[in-house]
Amino acid sequence: MDELPAEDDPEAPMLGSQELGAMATSTEEELEGAQPSRQQLGSAASDAKAPSPVVEPEPVWDYLGKYRSHSKAIQSVFFGYNEETGNPRLLSIGFDKMLVEYDLANSSEDDLRILTSDRLEQEAVPQCAAWYPRFTAEQFLITANDEYKLKLYNPSTKMTRYTYQAQCAVRHIDRIAFLEPTESEEVLDDGLFTRGYMTFTAGNEVGMAMCPLDGNSYRYSRTIAHPSGVAQMIPSHDGRYLFTCGGADRSTVMYKVHRSVMDAHVKAGGEGMAPFYHSLPGGSRNTQWFSELCDFFYLVQLKVQGMDTQDPRDIGMHIPASEVPTLMRSVGFFPTEYQVNNMLNEIKFSTFSETGQYCLKVNLEQVLKLYINHLPVDGYSRRIPRSYRHLAKSIGEASTEEISTDLLLRVLQDQGEHMTEAELIENMCYLFCHPEEYLLLPTDHELGDALHTSKQPKAADFTSDAVASQLPANMDYEAFALEFLSQVP
């Protein structure tokens, strides 16, 4: 390759105050975005098309502008196209958890404009992003975060549509790319793929995954590539080879992609739900945890139909989607409201692209996949102490090990995904009152109302002070985990 010399031009614009960290080129070769290593993004347009095999015209680039669109370092910058208008799209994602799309249609020289800016994550930090292959009629944007999750987003609404666990390496995934399909891979008449392959890097490892993703751990395979970490990865145009460079180790590695080996690895995990059972607590379905989940699943059906009804029971294979959060909490997974909304959206839109209708119910297999894909990889053993100390520090407690119970209850009502006093009292009653008094839980529309039988107390009969009086004056994170969440810290 011949290096093109840069001509001295006093009017040539500086792309940024920092060194350039990465570049992305649109598929039409008409636009190019340059990513500085910090928070600034620049864009340029080219008048040169693909070079002819005979005549090579000199590329001419028109500088558009730059914009400090992120408050922290930019992780990825990439192009796409708008399916409705057919116009190119330029997006960037950064450590500030923001996805920024730029208004290329209305940008001009020294005037690069922002079209939208959306926050993607609540706690996790996105590490990379790319366009997901078309396995359905809907287009998706895929991201990987530092909590070992892969997420699919609707590129228009920025709504989280699917979440998949990706604990496929020692470190989280920090770079992803998709292989071009081969002739042997089936492509439907409407241009949709039946399967595909994703390559990724995670620290010093490089790996491959079979798509479409579903949370099956057997769909991932990886190997150590560079001891000091992978600096860059790129697949060949025909999807047969993968190239990586190690940066500090000053080496480049070329891999040959064996898709048949990946297919055999996936098949070895079993069919249907068999590979998912390996990701459950205990590693199989023959455990007390799985038995309790089944009991809770059918208990939800009884509760929905009414515990005191005299009508014949209609026990089926589904429960309402609105009951999924309660079921998750009953087996030790306590999702935030953000995670609850993600799960409900995943259920609601799961068949929308095929049927045009919302899905409002789930079966046991879907519940298991939701649990596996949304549950934090490290559980709560590390999250509870870290969150507890952060909370103690933020509210000015003298000790980061203990928090006043009165202050803790006040924080739960005032900060973050805060609860109303009625919600707080009711949740405390479920956690601390006698189980026989609160065995029959109310449905969603009965929250705050009387419980099912007249013999049982009402949540309205309690006050937050009355609830606090039943708790220790101060609690450390171990007591909080054990008493509130029944979790061993």
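This is a predicted model: local features need pLDDT of at least 70, side-chain atom pairs count only at pLDDT 80 or more; totals for chains, interfaces and linings use all residues.

Student: In what order do the strands of the open sheet come?
Tutor: The order is β5-β6-β7-β8, 4 strands with antiparallel pairing. Strands here are DSSP runs (E, at least two residues), numbered from the N terminus, and two of them pair if DSSP finds at least two bridges between them.

Student: Which strands stand at the edges?
Tutor: β5 (74-81) and β8 (114-119) do; each has a single partner strand, so one side of each lacks a neighbour in the sheet.

Student: And by how much are neighbouring strands turned against each other?
Tutor: By 20° on average, direction ignored. The axes behind that angle are lines fitted to C-alpha atoms, and angles run from 0 to 180 degrees between N-to-C directions.

Student: How many bridges join β5 to β6?
Tutor: 7 bridges join β5 to β6 (residues 88-94), and the two run antiparallel. Phe 78 has Leu 91 in β6 as its bridge partner.

Student: Changing topic: how many residues of β14 are buried?
Tutor: 7 of the 7 residues of β14 (residues 196-202) are buried, so this strand is largely enclosed by the rest of the structure. Buried means under 20% relative accessible area, exposed over 50%, and partly exposed in between, with a 1.4 Å probe and protein chains only.

Student: What does β14 pair with?
Tutor: β14 pairs in the antiparallel sense with β13 (residues 175-178) over 4 bridges, and with β15 over 7 bridges. Phe 200 in β14 stands opposite Ile 176, while Met 198 has Ala 209 in β15 as its bridge partner. β14 and β15 form a hairpin with 2 residues between them, and Gly 203 in the turn has a positive phi of about 70°.

Student: Where is Asp 110, and is it buried or exposed?
Tutor: Asp 110 lies in the loop between β7 (98-102) and β8, and at 60% relative accessibility it counts as exposed. Asp 110 has a positive phi of about 60° although it is not a glycine.

Student: Which peptide bond is cis?
Tutor: The bond from Cys 211 to Pro 212 is cis, with omega near 5°. Pro 212 is in the loop between β15 (205-211) and β16 (220-224).

Note on methods
Residues are numbered from 1 along each chain as its sequence is written. Side-chain values use heavy atoms; hydrogens and water are left out.
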